[in-house]
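Please open the structure in your viewer and keep the selection tool at hand. The tour below goes from one selection to the next and says what is found at each stop.

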Amino acid sequence: MAKGKTTVFFCQSCGHESAKWMGQCPGCRQWNTFVEETIEKTSVRKIQKERAAAGPVCLSSIDTDKEERMTTHMEELNRVLGGGIVPGSLVLVGGDPGIGKSTLLLQVCQKLSADDRDVLYISGEESLKQIKLRAARIGSFSNRLRLLCETNLDLIRETIREEKPKVVIIDSIQTMYNEDISSAPGSVSQVREATAILMQLAKVLGVTVFIVGHVTKEGTVAGPRVLEHMVDTVLYFEGDRHASYRILRGVKNRFGSTNEIGVFEMRETGLAEVENPSEYMLDGRPEDASGSVVSCSMEGTRPILLEIQALVCHSTLAVPRRTAAGMDYNRVNLLLAVLEKRLNLRLSGSDVYVNIAGGIRISEPAVDLGVVLAVISSYKDRAIDEKVLAFGEVGLSGEVRAVSQAGQRVQEAKKLGFTTIILPEVCREQIGAVDGVRLCGVRTVADAVRLVQ
Ligand code: TYD
Ligand code: MG
C-alpha cells in the first residue's frame, strides 16, 4: 500500500464505512454490499481549498432577489420540486435503470432551453447519436441546449466554468470519475467525490445541477442513497417498468415539502403528465368483483383514489400465506389480527393477498378501512357496491380513527362519481353535508361492515 493511502470497505448501498469486510451491512442490513476502496486524503484537501477561495460574506450582503424559481413547464415536476427549480441547487434523481430518468431530464432540458436558458447535458452513458434518437422522439429542441459526452470530472468542471450554463445534467453520477481517486467509477469514494465537486460548482457558480443516480440491487455500484445527505433535493422515479405510468416522489427537499408526488405516463413521444391520477389509478376496475374497494390516500397536497384488492382463500399450509403489494406487510398483518379478534373472522386458516392496484406504494394509514372492507368482501365472497368509497385509520380495538383533510378526500371522491362514502364519524361531523354524496360516519369496523352488507 502506498504512503498516504488507506483502504476501507464501503457498503455500496448506503455508504456505511468499515475497516473490515462484513457480510451484512449494519447500516442498511443488505448482504454482500461491502467493497474495498482506496481513499486518498489529498482530494478532500483540494476541495476544501477551493471552497475557502469563495470567501466569507455577511448575511446582509447576500442577494436574494435572484431566488426566483425556474419553471419546468411541467406542473407535476414543479410541484415535486416545491414550485420550480431553485437556482444553484443540487437535485438527485434516482431510480431503476430504464425507468425514464434520462427521458425526464431531457424533457426538462427541452423546456428550459426553450425559455432561453443555457443548458448543458453531460452524458457518460450514451453517445451523442443515442441522445439525438431519444430527442427525436420527444420533439424539437432549441440551440441553447448543448450536449457533451464526458466522464472525466476535471474536464467537466472546466467546461462548466467556461460555458456558464444555468442548468447542468449529469447522466449518470455512477459513470463519472476523478483521476485523483484510484477506485473504479461507480464506487462509493468516486461517487461521493464527484458529488462534492458538483455541489461546490453549484454553490459557487449558482448553476443548478441535476444528478442521475441508478438504483442497483446487486450492490456492485454505489446507489443514490449514498448521496442523499449531500444534495439539496432527492427525487425518486418509481413505477413498474412494464406498466406505462411513472411516479416521481420527493424524498428530501430543502426548498419545499417532501410528500409530493408527480405522476407521468411513458408514451411513444416521451413522458406525458397525468393531471388526474385518480382516474388513472381506477382505470380497468373489475365490475361486481368481491374483494375490491376504493379508498383515498393523500399524497402531499393531493388526494389520490386507488383500488384495494384482497383475495382470501382456503390455505393448505401450516402457516398461511400473507402478502401485501403496495402496502406495509406488517400493517396488513395487524389489520388481519384486528378482524380476527374484533369481528371473529376466522382468517387463521386462510391465505390472504392484499394488493394496491396500479403498483403505487401507499404508506398512509387512511387506507386501513378500505383494506379491512376488501378482506371481508373477499372472505364472504360478496361484492361491495362500486360507488362506495371508504377511508379511515383502524386502531387495535377495531375503532375507526379520524384522518386529516377528510373534506378534500370527499371532494375528490365526488368528482369521480362515488355516491356513498364511509368515513370516520369525527370527520363526518366536521364536514357536515355534501350535495350528491351520502356520507356514512362510522366509529368501529363493525359499523362499517354492517353498512356494506
Ligand atoms: P430512459 O430515460 O433511457 O431510462 P433511464 O435513463 O432511467 O435508464 O428510458 C428508457 C425507456 O423508456 C425505454 O424502455 C424506452 C422508453 N421510452 C418510451 O417508451 N418513450 C419515449 O419517448 C422514450 C424517449 C423512451
Ligand atoms: Mg439513462
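Begin with domain 2 and domain 3, whose centres, taken over C-alpha atoms, are separated by 37 Å. The contact takes 14 residues from domain 2 and 11 residues from domain 3. To colour these parts, select residues 70-275 for domain 2 and 280-452 for domain 3, while the domain assignment also gives domain 1, at residues 1-41.

Before going further, colour the protein chain by confidence, since this is a predicted model. The average pLDDT of the protein chain is 89, and 93% of the residues score at least 70. Select helix α1, residues 42-53, to find where confidence is lowest, at a mean of 53, and then strand β18, residues 393-394, where confidence is highest, at 97.

Next, select residues 101-114, which form helix α3, together with residues 128-138, which form helix α4; these helices pack with their axes 10 Å apart and at an angle of about 70°. Because of that angle, α3 is roughly perpendicular to α4. Show the side chains of Ser102, Thr103, Leu106, Gln107 and Gln110 on α3, and those of Ile131, Arg134, Ala135 and Ile138 on α4, as these residues make the contact. Sorted by class, the contact of α3 with α4 has four nonpolar, four polar and one charged residues. The crossing of α3 and α4 is right-handed.

Now move to the loop between β7 (167-171) and α6 (188-205), where Ser172 is found. Select Asp171 along with Ser172, and look at the bond that joins them: this is a cis peptide bond, with omega at about -5°.

A further loop to visit lies between α7 (277-282) and β13 (292-299), and Asp288 has its place there. In Asp288, a residue other than glycine, phi has a positive value, near 55°.

For the last stop, select helix α9, residues 368-380, and helix α12, residues 445-452. How do these two helices lie relative to each other? Their axes come within 11 Å and cross at roughly 50°, and α9 and α12 are therefore oblique to each other. The crossing of α9 and α12 is right-handed. With side chains displayed, you can follow how Leu369, Val372, Leu373, Ile376 and Lys380 in α9 meet Val445, Ala448, Val449 and Val452 in α12. By class, the contact of α9 with α12 has eight nonpolar residues, no polar residues and one charged residue.

Key:
Residues numbered from 1 in each chain as written. Chains lettered and ligands numbered in written order. Predicted model: local features only at pLDDT ≥ 70, side-chain atom pairs only at ≥ 80, totals over all residues. Heavy atoms only, no water. pLDDT = per-residue confidence, 0-100. Helix = DSSP H or I, 4+ residues; strand = E, 2+ residues; numbered from the N terminus. Axes fitted to C-alpha atoms, helices over the stretch in contact; angles between N-to-C directions. Parallel < 35°, antiparallel > 145°, perpendicular 65-115°, else oblique. Left-handed = near helix turned anticlockwise from the far one by under 90°. Contact = heavy atoms within 4.5 Å. Nonpolar A, V, L, I, M, F, W, Y, C, P; charged D, E, K, R; others polar. Domains from an automatic or database assignment.
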